[in-house]
Amino acid sequence: MEFGNQTFLNEFILIGLPQNLQICVLLFVLFFVIFTLTVVGNSFLICVIIISPKLHTPMYYFLCNLAFIDLSYPTSSIPKMLLDMFSKRRTISIIGCLAQMNTTLFLGMTLCMLLAVMAYDRYIAIRFPLHYAEIMNWRTCNIITVIIWSGNFLLATYPTIVKPFVFCRGNMLNHFSCEVLGLLELACGDLSFYKITMFVGSFYTLLTPLIFIVVSYICILVSILKIHTAGGRSKAFSTCSSHLTVVLLIYGTSLIMYMGQTKSFSSKVKYIALIYVLVTPVLNPLIYSLRNNEVKKAFRTMLTKYSAP
């Protein structure tokens, strides 16, 4: 298939940000504060988990993985966006754009799978408390981690390696970062391979983990209702509420973005992406810190230990 007036591009121009200087200043301050809080909050959570021996359990091991993703995901695009706020020509190279796209896809898919594993971990802890250490042993946790990270890396990079993008529909990308849905609008040729791959990937990393999480929480609810003491039920609910809140935040935006935009790219997606990239990563450490008594106790212990003369 031939393409009329095909032009091979070296870079993209990101036009998703406003041009008004006053608005850019306000957005820069807002996004910089949120990004700083994200870095500090997730770094704090990782440090507390690593330093506190009482938190060296599978639950907090996976939570540490989650905090690392929340730290890495916005770092892959927000610093570039902040620099572009005051740049006259907001460009990014083709290679840099594809690297950013694959990185965000990889981290996003890994995050969704990780949330499913965390739901399963909570189910085992509540349903089989006496056998929890045996079922969720460190060997099992390490195997799960390797499979999730390596499997999603291959899934995220496979399409662009097997069939690299060819761009011939201009270089104006209506986004603040290299979102795969926006890049598909600029790609030429038969895009059925990418759309099928994206649908399969969305099913594998969004719908399948979500179904798994829903089933896990139904089983958790049934197990909690069987607990006779009010204190036991309250403790079981508290260990799950933080994770369930994070699940709702992440899947709410992810499903809207990737399952609802398979036909055409909408400029509204970039605003949804801001919630996914900026808001969720900064809220996750707050949710797990403020609503988790063990994390708060570990933090107080750490402060007492390191602030003592």
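**Order of secondary structure**

Along its sequence, the protein chain of this predicted model runs β-α-α-α-β-α-α-α-β-α-α-α-α-α. The chain contains 11 helices and 3 strands.

**Burial, surface and contact range**

Of the 309 residues in the protein chain, 47% are buried.

**Packing of helices α4 and α6**

Helix α4 comprises residues 94-127 and helix α6 residues 138-162. Their axes come within 9 Å and cross at roughly 145°; the crossing is right-handed. On the α4 side, the contact is made by M101, N102, L105, F106, L107, M109, T110, M113, L114 and V117. The α6 side contributes I144, I148, W149, N152, F153, L155, A156, T157 and T160. By class, 14 of the contact residues are nonpolar and 5 are polar, while no charged residues take part.

T110 is found in helix α4 and belongs to the set of α4 residues that make the contact with α6. Its relative accessible area is 1%, so T110 is buried, the limit for that class being under 20%.

A polar atom of the T110 side chain lies 2.7 Å from the backbone oxygen of F106, another α4 residue of the contact with α6. With neighbours within four places in sequence left aside, T110 is in contact with I69, I148, W149 and N152. I148, W149 and N152 are among the α6 residues that make the contact with α4.

Definitions and conventions. Residues numbered from 1 in each chain as written. Predicted model: local features only at pLDDT ≥ 70, side-chain atom pairs only at ≥ 80, totals over all residues. Heavy atoms only, no water. Axes fitted to C-alpha atoms, helices over the stretch in contact; angles between N-to-C directions. Helix = DSSP H or I, 4+ residues; strand = E, 2+ residues; numbered from the N terminus. Left-handed = near helix turned anticlockwise from the far one by under 90°. Contact = heavy atoms within 4.5 Å. Nonpolar A, V, L, I, M, F, W, Y, C, P; charged D, E, K, R; others polar. Buried < 20%, exposed > 50% of the residue type's maximum accessible area, 1.4 Å probe, protein only. Polar contact = N/O pair within 3.5 Å; in protein donor to acceptor, adjacent residues only side chain to side chain.
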